[in-house]
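Here is a short tour of one chain, with a few stops along the way. Keep the viewer open as you read.

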Amino acid sequence: GMPSGRIWSRSISRLARSASSRYLLFFFAVTLLCVEVVHIYARHLVRTYRVRGGDSSAVVFMGSSDAIKDLNRYLSSDGTVGAKVVGYFDDREDEDLSQTCAYLGSCADAVPYMEQNRPSQVFCGLPHEMRGEAKIVATWCQNNVVLFSSVPNVHNYFHQRAYPELV
């Protein structure tokens with residue numbers, strides 16, 4: 001004969017649980033795939049927009065160390081980063097850096113220039129001896145909501161070439 005009601009309902013319940021767990025697993029897999037596709041497409045749109053000049057932030061350098069030169073090369077060569085290098089401040093003009101980056105004046109000229117032109121970000125690669133100038137600029141950046149980043153000259157520590165995208 002027919003199985004009793006209790007056995008019948010137990011087997012249907014077990015079948016429903018395994019079907020719902022398979023459905024749930026399938027749902028999560030499809031959702032994850034969709035989210036990843038949207039993420040990749042959004043990154044592509046942002047990169048394309050940045051290459052065309054949109055969403056770029058004005059960047060100013062303090063100093064002309066080898067690390068600043070490398071950072072200038074990287075930011076200037078990759079439009080997808082979204083940074084527009086404006087120039088650099090240093091107490092003496094560096095011939096190599098001035099070929100690809102505008103010399104904006106001495107370190108004393110930095111704060112008046114930034115008050116007029118409002119950069120989005122300042123990368124400071126000044127040597128330790130110029131920490132007073134660096135502190136003045138860092139304080140101004142903090143008070144004016146400008147991102148200040150200290151760039152250590154890693155060329156003094158490593159003999160291999162350092163790549164900013166790996167740091």
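Is Phe-27 buried, partly exposed or exposed? Phe-27 is partly exposed, because its relative accessible area is 42%, which falls between the 20% and 50% cut-offs. Please bear in mind that this is a predicted model. Phe-27 belongs to helix H1, residues 5–51, and together with Tyr-23, Leu-24 and Phe-28 forms a nonpolar surface patch of about 450 Å².

Next, the salt bridges. The structure has three of them:

| Pair | N to O distance |
|---|---|
| Asp-94 and Lys-69 | 3.3 Å |
| Lys-69 and Asp-96 | 3.9 Å |
| Arg-73 and Asp-70 | 2.5 Å |

A network of salt bridges links Lys-69, Asp-94 and Asp-96. Lys-69 sits in helix H2 and Asp-96 in helix H3, so their pair ties together parts 27 residues apart in sequence. Lys-69 is buried at 16% relative accessibility, and Asp-94 is buried at 10%, whereas Asp-96 is exposed at 52%. Arg-73 and Asp-70 are both in helix H2, three residues apart, about one turn of the helix. Here Asp-70 is buried at 8%, while Arg-73 is partly exposed at 45%.

Helix H2, residues 66–77, also holds Asn-72, which is buried at 2% relative accessibility. Among the residues Asn-72 touches are Phe-61, Val-85 and Leu-97.

Finally, look at the strands. S4 (residues 121–124) pairs with S5 (residues 147–150) in the parallel sense, over four bridges. From S4 the chain passes through helix H5, residues 131–143, to S5 in a right-handed β-α-β crossover.

Notes:
Residues are numbered from 1 along each chain as its sequence is written. This is a predicted model: local features need pLDDT of at least 70, side-chain atom pairs count only at pLDDT 80 or more; totals for chains, interfaces and linings use all residues. Side-chain values use heavy atoms; hydrogens and water are left out. Patches are made of residues with over 30% relative accessible area and no salt bridge: like charges are joined within 9 Å, nonpolar side chains (Val, Leu, Ile, Met, Phe, Trp, Tyr) within 5 Å. Accessible areas come from the Shrake-Rupley method with a 1.4 Å probe; for residues, only the protein chains shown count as cover. A salt bridge is a side-chain nitrogen of Lys or Arg within 4 Å of a carboxyl oxygen of Asp or Glu. Helices (H or I, at least four residues) and strands (E, at least two) are DSSP runs, numbered from the N terminus. Buried means under 20% relative accessible area, exposed over 50%, partly exposed in between (1.4 Å probe, protein chains only). Two strands pair if DSSP finds at least two bridges between them. A crossover is right-handed if, with the strands pointing away from the viewer, the path from the first strand over the helix to the second runs clockwise. Contact means heavy atoms within 4.5 Å. Lists of a residue's contacts leave out its neighbours within four places in sequence.
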